[in-house]
Amino acid sequence: MKYGLLFYETSAQFAERESESAGQYWGAWSAYIDQLDEAGVMVRGAGAGLQVPGSATTLRATAGELSIQDGPIADTKEQLAGLVVLEVPSLDDAMAWAKLAPCAEGGAVEVRPILPDPS
Amino acid sequence: MTASERVDLIFRESYGKVLAYLLARSFDLLRSEDAVSAAFAAALMEWNDALPPNPEAWLCRVALHRVIDIERRERRITPLESLAETADPNEPEDPTMLPDERLRLFFLCTHPAIAAEIQTPLMLQLVLGMSAESMSELFLLPAATLGQRLVRAKRKIRDAQILPELPNAEEFQQRLPAVLQAIYGLYCRDWGTTEPTEAMDLARSLVIASEGDPEAMGLFALLLFCESRRTVVRDVYIPLSQQDPSDWDQEMISSAEQLLQAAAARKSPGRFQLEAAIQSAHVQRAFTGSPSFAQIARLYEALITMAPTTSNRLGHVAATLEANGPEAALALLSRIELTEPYLPYEAVSAHVALRLNDLTAVRKHAEAARALSKDPKTAAYWAEMIQTIQNP
């Protein structure tokens with residue numbers, strides 16, 4: 001069964017990327033991703049880390065009229081920071097990996113089952 | 001002029017050019033800004049005795065060296081680096097030859113992925129080098145807030161990789177009005193102080209880049225009309241109605257007329273075409289006595305429906321004063337509400353009061369106008385008017 005792990009960070013966590021503790025921040029993430037990879041649970045090439053929410057552009061069309069917004073979809077406390085796809089037997093396994101994510105403390109991880117392959 | 005005054009003047013004229021020069025060579029926006037500031041700082045140190053033969057080329061060279069140094073130091077492996085390697089830092093192309101690069105800088109700031117409310121401050125900063133502090137009053141925002149929003153916009157340009165490119169035809173039309181407005185603003189800023197050649201160059205290249213968009217032609221025609229008279233008022237301020245038309249630059253006037261006709265043939269009227277048409281009417285009137293002020297007043301009425309700015313409404317008042325007399329002008333004037341003191345309002349009010357022979361009002365408005373005049377020539381004009389009404 002495939003699960004998406006959606007990583008949410010607070011603005012303080014995003015800010016770490018350009019702070020003095022940037023080294024620690026990135027180190028924690030690469031250690032986590034390495035761990036998933038070594039355990040053989042991560043679907044390679046299916047995930048991505050995202051730039052800061054300020055770099056986002058949001059598009060909406062209403063009755064054919066396109067509106068473009070500078071910024072992420074909603075101004076919430078936590079913002080999407082990246083995602084990975086895991087191939088594990090059950091939700092409990094996915095949750096076990098989720099709680100090890102660096103952003104679990106302070107931020108959040110959403111675990112979402114992935115639609116089965118239509119074939 | 002001291003060395004720092006010279007650098008100041010060149011900063012005003014060249015900041016945007018040097019930044020556009022770096023951006024066109026694919027360097028990161030924030031880093032390029034730092035490099036341009038560093039180049040100006042170096043100029044302050046090194047231009048003590050004399051200016052280099054081509055100050056802009058000097059600045060471009062120093063800024064380019066600087067940005068390449070930083071990129072190398074950080075050993076960023078990006079396509080940018082290879083570009084930096086191929087550029088010969090000793091001989092940058094003459095930046096004054098490349099108005100298109102500055103035009104792309106304007107269009108970059110109008111990208112729809114950048115919040116509309118920060119686009120104008122961003123243009124002013126990137127093209128004119130204005131600081132958040134100096135713009136804070138203009139945009140009614142604390143300098144710190146404005147500064148943060150500017151940094152955010154610049155980071156977004158960098159992180160989301162919004163490129164300094166001219167947009168496709170459809171987008172071009174949508175983004176053109178903001179660029180026209182900015183070039184007009186740039187012209188107005190330089191009008192009284194330095195040669196507004198930068199705005200003229202940009203307006204000209206916009207006509208070419210837009211393949212003859214009627215409003216782009218309208219703007220260029222408008223600027224040519226203004227330029228044709230600029231030298232006349234360089235030393236003393238003379239109101240338009242008292243100028244001698246033979247002092248005006250005939251070549252510019254004829255280019256402006258041609259542009260305006262070409263624009264009108266496209267049958268898509270707009271604000272800048274109307275403003276240029278008003279200028280054209282003033283010029284024709286000065287030479288031949290026709291069209292009449294009544295026709296000019298009607299052009300203003302049309303302009304106000306498109307751009308109901310205080311300045312256009314005051315133009316309407318001034319034309320009405322000549323066409324229909326001071327009472328009609330005063331009626332229009334009384335409907336204008338100001339949110340802050342405004343020199344043209346005081347100037348027009350003083351002239352209307354003069355025609356009504358209301359000397360108390362003349363005095364009040366002339367004194368307000370003198371107090372608001374930043375330009376000593378204009379202040380002198382108002383001081384003289386106050387003198388005249390005191391000792392008739």
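1. What share of the 119 residues in chain A is buried? Buried residues make up 29% of them, where buried means under 20% relative accessible area, exposed means over 50%, and partly exposed lies in between (1.4 Å probe, protein chains only).

2. A note on conventions. This is a predicted model, in which local features need pLDDT of at least 70 and side-chain atom pairs count only at pLDDT 80 or more, while totals for chains, interfaces and linings use all residues. Residues are numbered from 1 along each chain as its sequence is written, chains are lettered from A and ligands numbered from 1 in the order in which they are written, and side-chain values use heavy atoms, with hydrogens and water left out.

3. Chain A. This chain has three helices and six strands, and their order along the sequence is β-α-α-β-β-β-β-α-β. Helices (H or I, at least four residues) and strands (E, at least two) are DSSP runs, numbered from the N terminus. Along the principal axes, the C-alpha atoms of chain A fill a box of roughly 50 × 45 × 20 Å. Among the contacts in chain A with a separation of 6 or more, 73% come from residues 24 or more positions apart; contact means heavy atoms within 4.5 Å.

4. A residue in strand β3 of chain A. A:R60 sits in this strand, which covers residues 57-62, and A:R60 counts as partly exposed because its relative accessibility is 39%. Apart from neighbours within four places in sequence, A:R60 is in contact with A:E65, A:L66, A:S67, A:Q69 and A:I73. The side chains of A:R60 and A:Q69 make a polar contact at 3.0 Å. A polar contact is a pair of N or O atoms within 3.5 Å; within protein, one must be able to donate a hydrogen and the other to accept it, and residues adjacent in sequence count only if both atoms are side-chain atoms. A:I73 is 13 residues from A:R60 along the chain, and their C-alpha atoms are separated by 9.7 Å.

5. The interface of chain A and chain B. Each chain brings 10 residues to the contact. The area buried between the two chains is about 780 Å², and carbon and sulfur atoms give 43% of this area. In chain A, the residues that lose the most area to chain B are A:E18, A:S55 and A:D70, together 54% of what that side buries. Buried area is the accessible area (1.4 Å probe) that two parts lose on being put together, summed over both.

6. Polar and charged pairs across the interface. Seven residue pairs are in polar contact between chain A and chain B, both residues being at pLDDT 80 or more. On the side of chain A that touches chain B there are three nonpolar, five polar and two charged residues. In this division, Ala, Val, Leu, Ile, Met, Phe, Trp, Tyr, Cys and Pro count as nonpolar, Asp, Glu, Lys and Arg as charged, and the others, Gly among them, as polar. The rule for salt bridges finds four across this interface; a salt bridge is a side-chain nitrogen of Lys or Arg within 4 Å of a carboxyl oxygen of Asp or Glu.

7. The partners of A:E18. This residue forms a salt bridge with B:R155, with 3.8 Å between the closest N and O atoms. The pair runs from the loop between α1 (11-16) and α2 (22-38) of chain A, where A:E18 lies, to helix α8 (residues 143-159) of chain B, which holds B:R155. A:E18 is exposed, at 51% relative accessible area, and B:R155 is partly exposed, at 35%. A:E18 also meets B:R158 in a salt bridge (3.4 Å, N to O).

8. B:D159 is found in helix α8 of chain B and is buried, with a relative accessible area of 18%. Its side chain makes a polar contact with the side chain of B:R158 at 3.0 Å. Leaving aside neighbours within four places in sequence, B:D159 is in contact with A:Q51, A:V52 and A:S55.

9. Salt bridges within a chain. The structure holds 21 salt bridges over all chains. One of them joins B:K17 and B:E56, whose closest N and O atoms are 3.0 Å apart. B:K17 lies in helix α1 (residues 3-23) and B:E56 in helix α3 (residues 55-74) of chain B, so the pair ties together parts that are 39 residues apart in sequence. Both B:K17 and B:E56 are buried. Salt bridges with shared partners join B:K17, B:E56, B:R102, B:E198, B:D201 and B:R204 into one network.
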